[in-house]
Amino acid sequence: MRNHLIGAARDAWLAAAEFRRRRDRFKRYTYGDQWSDRVRDGVRFCAEKEQLYLSGKQPYTNNLIRQLVKTVVGRFRSMAAERGYYGEAALHGGHRVRLPELDARLLEEFLISGMAVQKIDPEHGIENVNPRLFFINSVQDPCCRDLELIGECHDMSLPEIYARFGHGDIGRLAFLKETFSHQAARVVPVEIGLSDDADFFTAAPGKCRVIELWTLDSVSRLLCCDPLTGDVCYRTMDAIDDIERTNASRRIAGQEPVEAVPDIQFVWNCRWYSSSGILLDSYPSPYRHGMHPYILRLYPLTDGEIHPFVEDVIDQQRYINRLIMMIDKMMASAAKGVLLFPMDQLPEEMEWQDVFDTWARSDGVIPITGRGATLPQQVVTPTDGVGAYRLLELQMKLFDNISGVGDALQGRNIGGSAGAAVYDRQVENATIALGDLLETFASLVEERIALCMKQHSEGRSGK
């Protein structure tokens, strides 16, 4: 039977199943797979592109979302450079090349899923955390101050497991090998770049699943106040004997005793589990701030729900694709210079093949009898009669208006007579619609800088 804490972690991961499903859909649309939604085709369900193929239609993808995301990421890179997020003071000389790239990829994730998570560990550096493998308890506070459970699933190799959890003990290394060797032996070729949507307890092929779990636990502590120094701190319950000895010596010296009262303290503890629920390691938070090592933003968090930036333009993207298909179908089926030639107008000395050949020539002349009431005529069907082009133009404008990324941010339709100051003002005004999103993400970066600077100045406490 698995530990109840690992069960709580799995319940938290399962509770985010709808979030992961929606994230996967938004990710597909962002990177060009926009015809894979499941639709009903008679009595069965199939991918939308399969239904179109079976009906003789060609699905076309005109990916505007990807360019939209790249524009916002580019805008943030400019903003980060202006604010000095990656300067010497903020980075202390390290991660100068790595951090801007990490933040750019994290912002892409933030735009697609609405969740941005980074892990800050002085020993292993700064890492982006994949939301597919991340879990937290249900939260309502936009600043996530109601977190009580947080963690992620790791896929590790056997050597990495030995290094992290072996602690130089031969017997423990043998135990780890027995626990994980069957997982590491499951080697299956996987195409590069494809994610393996395994369940909570199943690792990627050739890897071992290890679960990192942080919980906010309440523990009994002695709240101590020293009148001589003015220090107030928590001490463990077994420190009562040491406090009594100190107070006894103070009474002899005529000094005020240390005051100690029982209290409850909330502390963050870390536990590492195997997929079978075996505890591999546990320790209290080793960081000066006493917290877990994650910083995260959920945008926007309303009643516990996340509705990311990309979600707003999905319907416009779908409609644009369909309008392009409609216009293509109209153009393919429209008459393009078809010649209507009455049969009674064909002269006796000509064959129909002569008419075909002459019609194809730029300087051809076709004699006609002139006896019939109907003369030959060319038919060209206009393709804009139903206003499809105007509707497409309207949808393109709606796409820009809904996303908030207009011409100025994308460098389009800027008059040559406009000066640099005018253009900068246009870009500044265009950024207002994205201000809340970019500032929310910027707050994550600033929080990380503050934590890194604090760790750099104070160092890291031991376990």
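## Helix 10 against helix 12

In this predicted model, helix 10 (residues 314–333) and helix 12 (residues 388–403) have axes that come within 10 Å and cross at roughly 160 degrees. Because an angle over 145 degrees counts as roughly antiparallel, helix 10 is described as roughly antiparallel to helix 12, and the crossing of helix 10 past helix 12 is left-handed.

On the side of helix 10, the contact is made by Gln316, Gln317, Tyr319, Ile320, Leu323, Ile324, Ile327, Met330 and Met331. Helix 12 contributes Ala388, Tyr389, Leu391, Leu392, Gln395, Met396, Leu398, Phe399 and Ile402. Sorted by class, the residues in the contact of helix 10 with helix 12 comprise 15 nonpolar, three polar and no charged.

## Helix 4 against helix 6

Helix 4 (residues 65–83) packs with helix 6 (residues 98–113) at an angle of about 135 degrees, and their axes are 10 Å apart. That angle makes helix 4 oblique to helix 6, and the crossing of these two helices is right-handed. From helix 4, the residues Arg66, Val69, Val72, Val73, Phe76 and Arg77 meet Pro100, Glu101, Asp103, Ala104, Arg105, Leu107, Glu108 and Leu111 of helix 6. The contact of helix 4 with helix 6 holds eight nonpolar, no polar and six charged residues.

Helix 6 itself has 16 residues and reaches 22 Å from its first C-alpha to its last, which is close to the 22 Å expected at 1.5 Å a residue. This helix is mostly covered, with 13 of its 16 residues buried. Just after helix 6 comes glycine 114, whose phi is positive, at about 85 degrees.

When residues up to four places away in sequence are not counted, isoleucine 306 touches Phe19, Arg22, Ser113, Gly114, Leu298, Tyr299, Pro300 and Leu301. Isoleucine 306 and methionine 115 are 191 residues apart in sequence, whereas their C-alpha atoms are 8.0 Å apart in space.

Proline 300 lies in the loop between strand 11 (294–298) and strand 12 (301–302).

## Positive phi outside glycine

Aspartate 303, in the loop between strand 12 and strand 13, has a positive phi of about 55 degrees although it is not a glycine. Its relative accessibility of 65% places aspartate 303 among exposed residues, for which the cut-off is over 50%.

Cysteine 144 is likewise not a glycine and has a positive phi, of about 60 degrees. The residue is found in the loop between strand 5 (134–136) and strand 6 (149–156). Cysteine 144 counts as buried, at 7% relative accessibility.

## The chain as a whole

The protein chain has 15 helices and 15 strands, and buried residues make up 40% of its 463 residues. Among contacts between residues at least 6 apart in sequence, 68% join residues at least 24 apart.

Definitions and conventions. Residues are numbered from 1 along each chain as its sequence is written. This is a predicted model: local features need pLDDT of at least 70, side-chain atom pairs count only at pLDDT 80 or more; totals for chains, interfaces and linings use all residues. Side-chain values use heavy atoms; hydrogens and water are left out. Axes are lines fitted to C-alpha atoms, for helices over the stretch in contact, and angles run from 0 to 180 degrees between N-to-C directions. Helices (H or I, at least four residues) and strands (E, at least two) are DSSP runs, numbered from the N terminus. Angles under 35 degrees count as roughly parallel, over 145 as roughly antiparallel, 65 to 115 as roughly perpendicular and the rest as oblique. A crossing is left-handed if the near helix is turned anticlockwise from the far one by less than a right angle, and right-handed if clockwise. Contact means heavy atoms within 4.5 Å. Ala, Val, Leu, Ile, Met, Phe, Trp, Tyr, Cys and Pro count as nonpolar, Asp, Glu, Lys and Arg as charged, and the others, Gly among them, as polar. The expected span of a helix is 1.5 Å times one less than its number of residues. Buried means under 20% relative accessible area, exposed over 50%, partly exposed in between (1.4 Å probe, protein chains only).
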